[in-house]
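My entries follow the structure.

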Amino acid sequence: MTASLNLILAALILGLAVWTVIARDALAAVMGFIAYGLLLTLVWVQLNGIDVALTEAAIGGGLTGALLIGAATRLRRGKAATAAVTASTPSPFPSPLPVRLLAAILSAAVSVALAICVLILPEQGPTLAHQVAANIADTGVGNPITAVLLAFRGMDTLLEAIVLLFALIGVWSLSPDGFWGGRPGLQQQKDPNGILAYTARILPPLGIIVGSYIFWVGADHPGGKFQGATILASMWLLVMMAGLADAPRISHSWLRAGLVAGPLVFIAIGFAGVFTVGHFLGYPQGYAKALIIAIELALMPSLTLVLGLLLAGAPQRGAEP
């Protein structure tokens, strides 16, 4: 029975992947991508990768899907606005058929190259899994995913947080000069008696509890800062969408301090390791779990702000209060 369900799940995933690639409508392709991410979540659950499943559901299907929906909506508006111009003006771009053929050939070549790379891998590849398993108890962290990400691959996790911050700066850079320092998105109309406002009053307290719980148990059980921050960011966005709160001005000093606080604490603890144990991001004996929790606690608010503001988009209003 389980094998049959796995085969059905695999067929659905492959079908959605093909649909996402060949769908002509951008919004339909995005819907396929979101469903694809949710099915991947089930795959990771089947593989007992609960942490990866939570991340895929929250960031892969949720956050990325929302970003793609916004992009597809803007593309649709842009196509409508330029349809009349392109109809009367010869296009400077080549015919779409050769471009599509070239894209198909390049995609096939990349797929073949990836298949070859996988097939020529040695049967027993180099691994540090045994060394990690032998020393993971020294971190004091019960969740091996958290221990690996913040003890054995701490540099990767630090760079991920910094990359998200740079991604937000890239989104802000798309704002016109006149709106720089202003508020992201458009002013939302508040309907005190609407269902969205009602939901935005009821759901966030529960979301804050769930997000905080998922963050806190991440030290010893599936969960962590990224999953918890995604839930908190979605609650913040819900309140802004309902018009109960406005997006902050990106020139606010408290906002910028909150964005960089987490990575700065991470870097500071990393440099402290140079003086205590002799290398960057090293933890003194007996203090590893406390420092890992301190890093995650500092990163949680910063990631919440980054994820929420990434979805809010570039400033579209002036810097006035």
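I looked up H8 and H9 and found an angle of about 165°; the two helices are therefore roughly antiparallel to each other (over 145 degrees by the cut-off used). The model is predicted, with local features needing pLDDT of at least 70 and side-chain atom pairs counting only at pLDDT 80 or more, while totals for chains, interfaces and linings use all residues. Residues are numbered from 1 along each chain as its sequence is written, and side-chain values use heavy atoms, with hydrogens and water left out.

H8 spans residues 195-216 and H9 residues 225-241, with their axes 8 Å apart. I noted a left-handed crossing of H8 and H9. The contact (heavy atoms within 4.5 Å) includes Leu203, Gly207 and Ile214 of H8 and Gly228, Leu232 and Met235 of H9. By class, I recorded 14 nonpolar, five polar and one charged residues in the contact of H8 with H9.

I next looked up arginine 183, in the loop between H7 (154-172) and H8. Arginine 183 counts as buried because its relative accessibility is 15%, the cut-off being under 20% with a 1.4 Å probe and protein chains only. Its side chain reaches the backbone oxygen of alanine 247 at 2.7 Å.

Last, I examined H10 (residues 253-276) and H11 (residues 288-312), whose axes come within 8 Å and cross at roughly 150°. H10 and H11 are therefore roughly antiparallel to each other, and their crossing is left-handed. Among the residues in contact are Gly258, Gly262 and Phe266 of H10 and Ala298, Ser302 and Leu305 of H11.

Note on methods. Axes are lines fitted to C-alpha atoms, for helices over the stretch in contact, and angles run from 0 to 180 degrees between N-to-C directions. Helices (H or I, at least four residues) and strands (E, at least two) are DSSP runs, numbered from the N terminus. Angles under 35 degrees count as roughly parallel, over 145 as roughly antiparallel, 65 to 115 as roughly perpendicular and the rest as oblique. A crossing is left-handed if the near helix is turned anticlockwise from the far one by less than a right angle, and right-handed if clockwise. Ala, Val, Leu, Ile, Met, Phe, Trp, Tyr, Cys and Pro count as nonpolar, Asp, Glu, Lys and Arg as charged, and the others, Gly among them, as polar. Buried means under 20% relative accessible area, exposed over 50%, partly exposed in between (1.4 Å probe, protein chains only). A polar contact is a pair of N or O atoms within 3.5 Å; within protein, one must be able to donate a hydrogen and the other to accept it, and residues adjacent in sequence count only if both atoms are side-chain atoms.
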